[in-house]
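Let's take a walk through this structure together. Have a look at it first, and then we'll go through it piece by piece.

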Amino acid sequence: MLTLSSVVRAVPDMLTADVDGETVMMDAESGHYYNLDPIGSRIWHALAEPTRVDALCDRLAADYDAPIELIRQDVLALLETLNERKLLVVDAD
């Protein structure tokens with residue numbers, strides 16, 4: 001289970017393309033396609049380097065007018081989904 005102190009990064013070999021502010025991804029191994037909206041795309045690009053979840057949430061909170069608790073909840077939900085689909089690497093806390 002991911003926490004705010006988890007360090008996460010995107011899997012390194014995902015094929016991606018940015019299209020009209022969204023990110024389209026293809027897992028070459030499974031052949032599955034995924035699509036991220038503009039905020040999800042921003043999160044995905046932030047995961048190019050290992051990052052703590054709480055730091056990622058803080059960066060988003062600085063740019064979006066939403067309560068930090070809502071941002072944390074939404075970011076953790078997206079990261080859990082990415083992790084379940086094996087699109088995320090979770091480093092040891």
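Start with helix H3, which gives the most to the lining of the largest pocket, with 5 residues. Helices here are DSSP runs of H or I with at least four residues, strands are DSSP runs of E with at least two, and both are numbered from the N terminus. Before going on, keep in mind that this is a predicted model, where local features need pLDDT of at least 70, side-chain atom pairs count only at pLDDT 80 or more, and totals for chains, interfaces and linings use all residues. Residues are numbered from 1 along each chain as its sequence is written, and side-chain values use heavy atoms, with hydrogens and water left out.

Back to that pocket. Helix H1 (38–46) and helix H3 (68–84) each supply at least two residues of its lining. Among the lining residues are Ile39, Ile43, Leu60, Tyr64, Leu70 and Val75. The largest pocket holds about 220 Å³ of space. (A pocket is an open set of points on a 1 Å grid over the protein atoms alone, where a 1.4 Å probe fits, with protein on both sides within 12 Å along at least five of seven lines; lining residues have an atom within 4 Å of a point. The volume is the space filled by probe spheres set on the points, which are joined across faces, edges and corners.)

Now for the strands, which pair if DSSP finds at least two bridges between them. An open sheet of 3 strands runs in the order E5-E1-E6, with antiparallel pairing. Strands E5 (51–52) and E6 (88–91) stand at the edges with a single partner strand each, so one side of each has no neighbour in the sheet. Strand E1 (residues 7–10) is joined to E5 by 2 bridges, and valine 7 stands opposite arginine 52 there.

Elsewhere, strand E2 (residues 15–19) runs antiparallel to strand E3 (residues 22–27), joined by 5 bridges. These two form a hairpin with 2 residues between them, and aspartate 20 in the turn has a positive phi of about 50 degrees. E3 also pairs with E4 in the antiparallel sense, over 5 bridges. That hairpin has 4 residues between its strands, with glycine 31 in the turn at a positive phi of about 80 degrees.

(Exposed means over 50% relative accessible area, buried under 20%, and partly exposed in between, with a 1.4 Å probe and protein chains only.) Together, Val19, Val24 and Tyr33 make a nonpolar surface patch of about 280 Å². (Patch residues have over 30% relative accessible area and no salt bridge; like charges are joined within 9 Å, and nonpolar side chains (Val, Leu, Ile, Met, Phe, Trp, Tyr) within 5 Å. Areas come from the Shrake-Rupley method with a 1.4 Å probe, and for residues only the protein chains shown count as cover.)

How many salt bridges does a search of the whole structure find? There are 4, each a side-chain nitrogen of Lys or Arg within 4 Å of a carboxyl oxygen of Asp or Glu. One of them joins aspartate 91 and arginine 9 (3.5 Å, N to O). This pair links strand E6 to strand E1, 82 residues apart. Aspartate 63 and arginine 42 also meet in a salt bridge (2.3 Å, N to O), linking helix H2 (residues 53–63) to helix H1. Finally, arginine 52 forms a salt bridge with aspartate 54, their closest N and O atoms being 2.8 Å apart.
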